[in-house]
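Hello,

Here is the structure I promised to pass on to you. Have a look at it first, and then read my notes below.

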Amino acid sequence: MNPAPFKFIDLFAGLGGFHLALGRLGGECVFAAEWQEHLRDLYVTNFGFRPEGDVTLISPNNVPSHDVLTAGFPCQPFSKAGDQLGFECTKQGDLFFNVAAILKQKKPNFFILENVPNLLKHDNGRTWKAIKEILGNGPGGLGYHIAAERFSPHHFGIPQIRERVYIVGSIKPLTNFTWPERCLIETSIDSILDDHPKNAKKLSLQVTECLDVWADFIKRCPQNVELPSFPLWSMEWGATYPYEQETPYARRKDYGMDGLKGFAGSHGRKIGYLRTLEERWMALPSHARTTQRKFPGWKINFIRQNRQFYTDNKNWIDPWMKDILKFPSSLQKFEWNVKGGQRDLWQYVLQFRASGVRVKRRTTAPSLIAMTDTQIPIIAWQRRYMTPQECAKLQSLDSLKALPSTPTKAFHALGNAVNSTVVERVARALLAQTIKSEAGDITVKSVDDGICV
């Protein structure tokens, strides 16, 4: 008699990346949970059954027995991009405990969890230590042997750098378990792109004008001047406000109206002639208007580097600087992440982030996040944004029958999704070690998807 396919559950299911991955290995999904109604509707279209809703309202007793629990539990409480509240985030940070409750009640043989890498360092490592104590085989733990590793899609031949931590657990020791090997092949974003797709969003006039201004900046930069790899903050070019030993906030608190007198703010704007304290405050760059008496070291370093770069290149920057003033502050910052590359902005992959206009090589796409429409990667040489279908390829989700109905919903869901190829590699390694030691309790299909196997 052939062993039965293994059974798994899909928590925080989203677009179903775990479902696709374990389904390719021969697994049968016996339960799923997803709180967003439109994603639950889509799950029916893609997988043939409707997930349950909010996992916090589901009793572990009502979850079917299963061999593998999978969960990409919400990462925002642990992300560097957020407030990093972790378990203190009452909305999402405590969802891990719902996962732990199901593990405690159902005792599956294995689990696979996915989250942002910062989970391992959050709260100086205390969050990760707590997770290991809850799940582990020590006193008071749930009895699992645990391993964690970081992987990105580009490690498996997919042109996207998006590192995530994968946590695996097994009731039995992970004696024969080894993490999947990373690829050494060079990737290219061209491998997932369509040629001028009709449904691609075109660049707006403001976006085009802003990119033209930064393209002109690159053109003006003399060939013997190296374009810096640190973030360029144009608002620091000409600024003189204090930043090393004290901050504008400290000056404001200690000296009131005269605290900022005599200094220059964004792009060299003189502060002293402004009438009110609020006007003087708002003349500073947004990154300088924090309520801190001392800036963190990284900010001090960036400000120092930018002011030195301006001092060294003032003669050609000044004629250019008037053109950047009309844009919002987020577009007045620039990251040239193609050191040594061709000095033509329109030949690269671009992305608008809070940190500025980011330029990246065509080897990989920027990390997909739960994006607003303005953060979608730009295919500069085709003067357009990436399409949802192309982003689905970056997440190895292009085999889905359907994506969310609007681009906004699709990009948001794709940014929150797990990459099914990475999950498959991890799951295959985890389950294969059990076949070796357990004489084939479960069946795992051998899958050759042609991507860096």
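**What I found**

Let me start with F217: leaving out residues up to four places away in sequence, F217 touches L227, L232, W237, F309, W316, I317 and W320. Please keep in mind that this is a predicted model.

F217 belongs to the largest nonpolar core, which has 90 residues; F217 and L345 are the ones with the most contacts inside that core. Helix 5 (residues 205–220) gives the largest share of this core, 8 residues. Another core, of 27 residues, lies apart from it, and F31, L95, V99 and A100 are among its members.

That brings me to helix 3 (residues 95–106). With 12 residues at 1.5 Å a residue, helix 3 should span 16 Å, and its end C-alpha atoms are 17 Å apart, so the two values agree. The buried residues of helix 3 are L95, F96, N98, V99, A100, I102 and L103. They pack against strand 1 (7–11), strand 3 (68–71), strand 4 (110–115) and helix 4 (126–135). After helix 3 comes K107, which has a positive phi, near 50 degrees.

One more residue for you to look at is S234, in the loop between strand 7 (232–233) and helix 6 (248–255). S234 has a relative accessible area of 0%, so it counts as buried. A polar atom of the S234 side chain lies 2.8 Å from the backbone oxygen of Q332. Neighbours within four places in sequence aside, S234 is in contact with W214, H267, W320, M321, I324 and Q332.

Best wishes

Notes: Residues are numbered from 1 along each chain as its sequence is written. This is a predicted model: local features need pLDDT of at least 70, side-chain atom pairs count only at pLDDT 80 or more; totals for chains, interfaces and linings use all residues. Side-chain values use heavy atoms; hydrogens and water are left out. Helices (H or I, at least four residues) and strands (E, at least two) are DSSP runs, numbered from the N terminus. Buried means under 20% relative accessible area, exposed over 50%, partly exposed in between (1.4 Å probe, protein chains only). A polar contact is a pair of N or O atoms within 3.5 Å; within protein, one must be able to donate a hydrogen and the other to accept it, and residues adjacent in sequence count only if both atoms are side-chain atoms. Contact means heavy atoms within 4.5 Å. A nonpolar core is a set of buried Ala, Val, Leu, Ile, Met, Phe, Trp, Tyr and Cys residues joined through side-chain atoms within 4.5 Å. The expected span of a helix is 1.5 Å times one less than its number of residues.
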